[in-house]
Amino acid sequence: MLPEYIHIKSGILAQFNALVPQCKHPLIVARGAVKERYLRNLLLKGKFGSYTICDAFTQNPSLQDAQKQLEAWGPEIEYKCDSIIALGGGSPLDFAKTLKYNSTALANKPFIAVVTTLGSGSEITPFAVVYDNGVKVSLSAPHLKPDVVIVDPRFAASASSQQRASSGIDCLCQGIEAFWSKRATEQSTEYALECIKLCVANLKAAVYLRSEDDVEAQKSNERALMALAQASAYSGLAISQSKTTAAHALSYFFTSRFGLKHGQAVALIMRDLFALNCSIMPHKEQLLAALGLKEVSDFAPWFRGLLRELGLKDSFADLHLSAEDINEALATVNSERLANNPCQLSETEMRSLLN
């Protein structure tokens, strides 16, 4: 079961005041279409005395943007807001966490995640991904974990199928990485397996929603999105303990340099990493069973087929990677995440993952 601070339910935003009674003067972190689509609804349900909007950040938030924003606010922000709400998906969550990490004034403010995309698990974790002059940096601190998580799965229906596909495949990959991480615990493994099972059973239906011409189609969509929301929460709980491994460690360069969506980049690494890690991993039968596979060799063709069905790339071919690109990808690999990988990868093996 999910912890009590995680609230996943259709229409849950109507209960905002009951769930977060202390939130009267929030700092709301939101941007772009998400802000335009959901902010008014949040303001109506929250009935705030006052609020401050923060939208000066990009899809891949930067440390520099956070520092500029904090300088612009000055010390007055501590008295102006009594809480922080991240409204949206991974980007506003990461930016809100970066603000908290870099500000003593905001560090201990109650932190509420109102989630509109499903899959990243960022709404659960004490981690943030931010770019420092184009280089990916991982932040980690206990106070970066949201205190209250509010997820209406129906919000994800307004995202594009491509967005749901990228976020969903990231969720599946995080479940797999949490299972085999060197830092895995008994509890994180349970969370990871639950995440994987939910993704395998529901990911395609959550990406390609049915036309809601009748009640049954509406219910089918709601079930699929609810399952993906739960999978996202389980993945976040799992990696909060286990952290991610080589698939994430090698992926960040491709998001920063080529603009690949995060989940897409992770999936391309996972494609061939699975066999390398399983070759030295005991108890892989549990993982295979959760995936619905019999043999390790079944994974690559199944996974490539899944990526194609979801409208995602199944190889790096379209990027036309040069030798310099691959060298830079290896030079900028996240060593902390790489160290969690069960198989100690040689340079040759890492290069092979980028084919």
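Let's start in a loop: Lysine 47 sits between α2 (32-46) and β3 (52-54), where helices (H or I, at least four residues) and strands (E, at least two) are DSSP runs numbered from the N terminus. The model is predicted, so local features need pLDDT of at least 70 and side-chain atom pairs count only at pLDDT 80 or more, while totals for chains, interfaces and linings use all residues. Residues are numbered from 1 along each chain as its sequence is written, and side-chain values use heavy atoms, with hydrogens and water left out.

- Lysine 47 has a phi near 50°, a positive value in a residue other than glycine.
- Its relative accessible area is 64%, so Lysine 47 is exposed; here buried means under 20% relative accessible area, exposed over 50%, and partly exposed in between (1.4 Å probe, protein chains only).
- Asparagine 133 is not a glycine either, and its phi is positive at about 50°.
- The loop that holds Asparagine 133 runs between β6 (127-132) and β7 (135-140).
- Asparagine 133 counts as exposed because its relative accessible area is 66%.

**The chain as a whole**

- You will find 15 helices and 8 strands in the protein chain.
- A compact globule of 355 residues would have a radius of gyration near 20 Å, and the protein chain agrees with its 20 Å; the radius is taken over C-alpha atoms, and the globule rule is 2.2 Å times the number of residues to the power 0.38.
- Along the principal axes, the C-alpha atoms fill a box of roughly 60 × 50 × 40 Å.
- Of the 355 residues, 55% are buried.
- Among contacts with a separation of 6 or more, 80% come from residues 24 or more positions apart; contact means heavy atoms within 4.5 Å.

**Surface and charge**

- The side chains include 35 positive and 36 negative ones, and the centres of the two sets lie 4 Å apart.
- In that count, Lys and Arg are positive and Asp and Glu negative, while His and the chain ends are not counted; each charge is placed at NZ of Lys, CZ of Arg, CG of Asp or CD of Glu.

- An unreviewed UniProt entry places "domain: Alcohol dehydrogenase iron-type/glycerol dehydrogenase GldA" at residues 3-153; UniProt positions follow the numbering used here, feature names are shortened, and annotations may be inferred rather than shown by experiment.
- Residues 3-153 are 30% helix and 25% strand, with the end C-alpha atoms 17 Å apart.
- The unreviewed UniProt entry also gives "domain: Fe-containing alcohol dehydrogenase-like C-terminal" for residues 165-354.
- Across residues 165-354 the chain is 71% helix and 0% strand, and the end C-alpha atoms are 21 Å apart.

**Inside helix α6**

- Alanine 165 belongs to helix α6 (residues 161-180), and its 0% relative accessibility makes it buried.
- Apart from neighbours within four places in sequence, Alanine 165 is in contact with Val207, Leu310 and Leu312.
- Threonine 332 is 167 residues from Alanine 165 along the chain, and their C-alpha atoms are separated by 26 Å.
- Serine 167 also lies in helix α6 and is buried, with a relative accessible area of 10%.
- With neighbours within four places in sequence set aside, Serine 167 is in contact with Leu118, Gly119 and Ser120.
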